[in-house]
Structure formats: structure tokens, C-alpha cells
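Let's take a walk through this structure together.

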Amino acid sequence: MRIPRRAAAAAVVLATVLPLSACGGGGDGDASDASGKVEGNITFQTWNLQANFKGYFNGLIADFEKKYPDTHVKWVDRPGEGYADKISADAAGGTLPDVVNVSPDLVAPLAKAGLALDLDKAAPQYRKEYLDGAWKAHQVPGMQGTYAFPWYLNTGPMFYNKRLFKEAGLDPEKPPTTYDEIFADGLQLAKKSKGKVATLANVPTIEDFGRYGGQLMNKAGTGFAFNDSKGVELLTHYKELYDAKALDPQALTATPESSGHKFLTESVAMNPGSALDLANFKKQAPSLYKNIGITDQVSNTGNANMYVMGVMVNSRTKHKPAAVAFAHYVTDATRQMEFAKKVAIFPSTAGSLNDPYFTKEDGTDETRVRIAAAKSLKTAVNYTPVLFSEQMKTALRNEIAKALQGKQSPKEALDNAIKACDRLLQQS
């Protein structure tokens, strides 16, 4: 199994389907702490993991039950398709499991409904064990608290084609690291190739607005704010790239797969990816592989974007000490390192990324990319607001397309995107 970097892409966002009848006043159900004897029967739900990691989780559960003999953990696994709908139905019906595998966008409506335990109140002693950016990923704008333990992380470096950079008169050993640099290099690549080589194959996403340094939401968490001066500036630059063919003409309808193919055929100079892509380049495009460069994600903030999964505790569990203890056990440094060595993900625990597994080269492509990604994750943040749904992503993309096509100005496009996203936010 390949765990997706964009975890939320596999599910409809819960905010759009959680019935209003499930909503409460916010915060955890009874705000009591998780002290007390670790005992009782609890249910642990994962998200499409059983097929490939049955042995790992069965062993983890057995070890936990050995450590706490008065507990019993029932493990259930749900498929990726319909996962958010299943959580919504359980939340509305009062059958939400004690411990639940979630992504930040699934946590937000559960926290608002009073169903996600606030770990800052119930288990604050564990916060120091995790990377700061990972811990904050499950915080909800407008609410006080953290509503899930960080679990595994992912990110990806940026690949670039050294040959194309060199032919355009650019230094192949100094790829762009900021947006200003990528805009300048992009225009030069397009000019030198007479429009045959684009630098990028995707329109900007919400993560780009974050990495560019713009504001994404207001401080109260009641509305979006990516139509600020930084946001308009970013989209204006993308319009310049599009007009100069430095942004691939098919970027408006691009998918990760189609963008990857453009890079594979050397018609696009830069593309995000993973170690799996490197192996594919080596097999399918030896000439590209020979000239491949690996660099960090482009960012004006100095911080890359992270994708994060979490483990949430149901605030209404009848066995809170056991549920919190198990959620922490699943996500502690030992268990996360074990899991990271079974699949291409990264631990969210502080210090784990300093392990030789993430720092020592061995000459393989897989290790080369793993080290680059691990380095960037130490200071990475989750730029996608937890309240930003798939519907909102579509609304933003549609308005950006209109701006790039010249049907409206960048400012008009972002203003319209804000209106659409705020309307969806109020409906949730």
C-alpha cells in the first residue's frame, strides 16, 4: 500500500456531512483529565491499513495489552472510500470508536461537536514528545485545544531537471528556493526554449498561498483571508507564468499523474515527488534520471508543507485513561519508528528524524529522498487549514483558472473564491 501524502483526498470532508444534530458547544465532552487506572475494553479504528499492516498492528495491540493486562483492544479497519461518511454516521449515532485514525480536516467538525478529546487539557504531559508543527496540525481555528495525537507525517522534495536548467543558462546546482526565484527562472526557461519547456505543471493550491507567506484564515477562524496582498501577488505571478508558457498550458486540468508524466517526458522542468518517482524515472526515463536534481519545496517562509495523520480519542469514551494511553502508545517514538521502516512515512515524534535511518546516506535513491524529506519535516507545518474542505479546494481552483485565462483579475478571482469558501464554511 502507498499511503497518500494528501490524506484528505481519499474522503469527502466530514464538515459537509456531519449532521447538525451531532453538534455540541465545542471542546471535549466532559473536559476531565485522563488520569486513573488504565483498564477496560476499547475499540481502535484505522483508515485502510489492515490489508498491508495486519501483523504490525496485531503485534502493537498485543504488546499494549501485555503492558496493561486489564485492557482489551478491538481493532477495526475501514476502507478509504466512504471513511468520512462512516465517521459521520458513527458520530451521529453515538457509536464512534474510542480511538480513531483521523486527518486534520476530519478532526475539526468532531471537535466542534464536542466529540474529540482536548489533549491539551486531558494529557498535556505528552505534548513535548512531538514536533511542534505536527502537534499544532490538529488544532482548530477559533477553538482552544489540540484534538488528536500526531501520528505519521509525509512530505516530498522537489525534483528538477538539471539539463533543462543548464540549457536555459541557469545554474543546475542552484535550483530556486523562493517563489521569486522560481518565477524568474521559469520565465527564462520558457524564453530560452521558445515556450516548449514549462517550469511548473500545476496551478497554485492553498499550500502555495501559505508557503508564499500570505494569511490563510482570520485569527478567529471564522473566515478565509488568502485574498490579501500576498495572495493577489502570488496569483499575478502565476498569470505571468501562464501567459509566457512557463506554466504548462494544461495545468488548469492537471492531475498529479498527468503532471508527473509531463516531468517524465522532460517538457516540465520541476515537479514534486517521492522516492517511488525516482525508481520510476530510473526505469522509464534513464536520460531524465541521469540529470535529476533534488531540492526542498519552494517556500518564502523557510518551512515546507507537511501532510499529517492523527489518532483522536473520543471524548465520550467510557474508558478515557485506557483510550488516551493507547492513542499515545500507537504514536510514541518507538512505535512510530517501527512503522516508518515498513512504509514510506515519517514519525512525528521529536528527535526521531535524527535517527541514522533518516540521516545516513547509503547510495540508494530511496534513502536519498528519505533524507531530504526528513530534513524538511523538522520545521514543516501543515499549511492546509483544517477547515478547508475538498469543495473549497475545487472552488479555489475554479476561480484561479478564470484568472489565468484572463476572464477576471487575480483580485476578483480570490475575492470570489473567498466568498464561496466562506459560504461553505458557514454551512458546515
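Start with K194, which is exposed, at a relative accessible area of 74% (buried means under 20% relative accessible area, exposed over 50%, and partly exposed in between, with a 1.4 Å probe and protein chains only). You'll find K194 in the loop between α7 and α8. Helices (H or I, at least four residues) and strands (E, at least two) are DSSP runs, numbered from the N terminus. K194 also has a positive phi of about 55°, although it is not a glycine.

Before going on, a quick note: this is a predicted model, in which local features need pLDDT of at least 70, side-chain atom pairs count only at pLDDT 80 or more, and totals for chains, interfaces and linings use all residues. Residues are numbered from 1 along each chain as its sequence is written, and side-chain values use heavy atoms, with hydrogens and water left out.

Back to the loop. K196 is found there too, between α7 (179-192) and α8 (206-212), and K196 is exposed as well, with a relative accessible area of 69%. Together, K191, K192, K194 and K196 form a patch of positive charge on the surface. A patch is made of residues with over 30% relative accessible area and no salt bridge, with like charges joined within 9 Å and nonpolar side chains (Val, Leu, Ile, Met, Phe, Trp, Tyr) within 5 Å. Lys and Arg count as positive here, Asp and Glu as negative, while His and the chain ends are not counted; the place of a charge is taken as NZ of Lys, CZ of Arg, CG of Asp or CD of Glu. Accessible areas come from the Shrake-Rupley method with a 1.4 Å probe, and for residues only the protein chains shown count as cover.

Another lysine with a positive phi is K245, near 65°. K245 sits in the loop between α9 (229-243) and α10 (256-264), and at 46% relative accessibility it counts as partly exposed.

Now step back. The chain's secondary structure comes to 17 helices and 8 strands. Its radius of gyration is 22 Å, close to the 22 Å that the globule rule gives for 428 residues, so the chain is as compact as a globular protein of that length (the radius is taken over C-alpha atoms, and the rule is 2.2 Å times the number of residues to the power 0.38). Of those 428 residues, 56% count as buried.

What about charges that pair up? Side chains of opposite charge can pair when their charged atoms come close. The structure holds 15 salt bridges, each a side-chain nitrogen of Lys or Arg within 4 Å of a carboxyl oxygen of Asp or Glu. One of them links R127 and D132 (3.5 Å, N to O); R127 is partly exposed at 30%, and D132 is partly exposed at 43%.

Two others sit within helices. E390 and K393 meet at 3.0 Å, N to O, and being 3 residues apart in helix α16 (residues 390-404), they are separated by about one helical turn. E390 is partly exposed at 26%, whereas K393 is buried at 18%. In helix α17 (residues 410-427), K411 and D415 are 4 residues apart, again about one helical turn, and their side chains form a salt bridge at 2.9 Å, N to O. K411 is partly exposed at 39%, and so is D415 at 22%. Elsewhere, salt bridges that share partners join K37, E39 and D70 into one network.
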